[in-house]
Amino acid sequence: MKTTMRAARLHVPGEALRIDEIAVPVPRPEDVLVRVRACGVIPNMNAIFSGALWNHLPELPAVVGLDAAGEVAAVGAAVRGVAVGQRVYINPFLACMDCAYCKSGRPMLCADWALQGYFGYVPASRRQLARYPYGGFAEFCTAAPQRLVFLPDTVEFAQAARFGYLGTSFAGLLAGGVGAGSVVMINGATGTLGVGATILALGMGATRIFGFGRNLAVLERLRALAPERIQTLALGEEDITNWVRARTGGLGADMLLDCSGRAASPAPTLAAIDALCHGGVAVNIGALSEKLPIEPFKFMNRATRFQGSNWFSTAQADAMARMAGAGVIDLSVWQTREFGLSEVGAALDLVKTRPGGFTNIVVCPDR
Ligand SMILES: [Zn+2]
């Protein structure tokens, strides 16, 4: 067993990550050690590592990397049900387990939540990050066994390294009640969240999927996944509200999964909310930060809702892994671009170009 490992660490926010040789972590009795085989690289990563947003970074220098998948390399003495060699995805969501929400059995609402290898929500989140200070841009990291998702043989490590964004879409679709026969709108359909949401909505039984986005080539690829169930609209081409109502006999859609992000225009979100059927729900998972002028009267009259959804539970990720293993969702549509650990800077540069949600950029530390 190796005693040192290579890890990409953030030393100064906004500066390039450095590849350092550090000690291989020794897991506590209640934890496991995972040999990382792939870790995802996602659009928001450069902004988070810049330190210029609201988020709270782990103590620096920090081994970063959000969504790691790999093989269990060592198991703490107190751990049951996990064996060396098992293929896993590590859900990086860290709850404190002692705030009011955690104590009431709702850790996904944790006041001090953090994402391993990435950031925390409030300053107190650093306590969670300090307990699990190893992100996925390293040869090894530690994790609690409760956060492990066992991967079916047919799910590649590079595909599992996308589970963070896929799971965020999954939890949002579940919050919107998507199931057999649902009519779903996806705003921001061409991005990482949107393409994942489309794959999932197909598997969850949605019969009509309306995708809105800007990238025409990606919209066409999206439609081609299931032309009899998916229709796409380029933003700015037609009025979203009328376009959806014209395709639903005037009724509108059951749900909107709004993937629009931080600085996006709120106009498409507003128009899509207006295209909800009575009793419909809009769920934002993209962290739209612009203000939405809404008419509460319409929400009252139509009994519609707007809500947020943040990350996902390990049980939901387990379900996703089983769906992928059984072929209910098809992850083979992603095109993987693999980078070695020393190429992490190039991977982060590539994601800046917003190549679209069909491109899956991963760092493979053993490459
Ligand atoms: Zn908590």
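Leu115 has Phe119 of strand β9 as its bridge partner. Helices and strands here are DSSP runs, numbered from the N terminus, with at least four residues of H or I for a helix and at least two of E for a strand. Strand β8 (residues 114-115) is joined to β9 by two bridges, in the antiparallel sense. Two strands count as paired if DSSP finds at least two bridges between them.

## About the model

The structure is a predicted model: local features need pLDDT of at least 70, side-chain atom pairs count only at pLDDT 80 or more, and totals for chains, interfaces and linings use all residues. Residue numbers start from 1 along each chain, as its sequence is written.

## Two domains

The chain is assigned a domain 1 (4-162 + 334-364) and a domain 2 (166-308); such bounds come from an automatic or database domain assignment. Taken over C-alpha atoms, the centres of domain 1 and domain 2 are 29 Å apart.

Where they touch, six residues of domain 1 are in contact with ten residues of domain 2. Contact means that the C-beta atoms of two residues, placed from the backbone, lie within 7 Å. On the domain 1 side, the touching residues are three nonpolar, two polar and one charged. In this grouping, Ala, Val, Leu, Ile, Met, Phe, Trp, Tyr, Cys and Pro are nonpolar, Asp, Glu, Lys and Arg are charged, and the others, Gly among them, are polar.

How many of the six residues of strand β19 are buried? Five of them are, so β19 (residues 359-364) is largely enclosed by the rest of the structure. A residue is buried if 20 or more other C-beta atoms, placed from the backbone, lie within 10 Å of its own, exposed if 12 or fewer do, and partly exposed in between.

Strand β3 (residues 32-41) pairs with β19 in the antiparallel sense over three bridges, while β18 (residues 335-340) runs parallel to β19 and is joined to it by six bridges. Ile361 in β19 stands opposite Val41 and also opposite Arg337.

Together, β18, helix α12 (residues 344-352) and β19 make a right-handed β-α-β unit. Right-handed means that, with the strands pointing away from the viewer, the path from the first strand over the helix to the second runs clockwise.

Within α12, Val344, Ala347 and Leu348 are buried. Looking down the axis of α12, its buried residues fall within an arc of 95°, so they line one face of the helix; the arc is that of the directions from the helix axis to the C-beta atoms. Their cover includes β1 (4-10), β3, α1 (45-50), β18 and β19. After α12 comes Arg354, with a positive phi near 50°.

## Strand β1 in another sheet

Strand β1 also belongs to an open sheet of three strands, ordered β2-β1-β4 with antiparallel pairing. The edge strands β2 (18-23) and β4 (62-63) each pair on one side only. Two bridges join β1 to β4, and Leu10 stands opposite Ala62 in β4.

## Phe170

Phe170 lies in helix α5 (residues 163-175). With 29 C-beta neighbours inside 10 Å, Phe170 counts as buried. Leaving aside neighbours within four places in sequence, Phe170 is in contact with Leu200, Phe312, Gln316 and Met320. Phe170 and Gln316 are 146 residues apart along the chain, yet their C-alpha atoms are separated by 7.7 Å.
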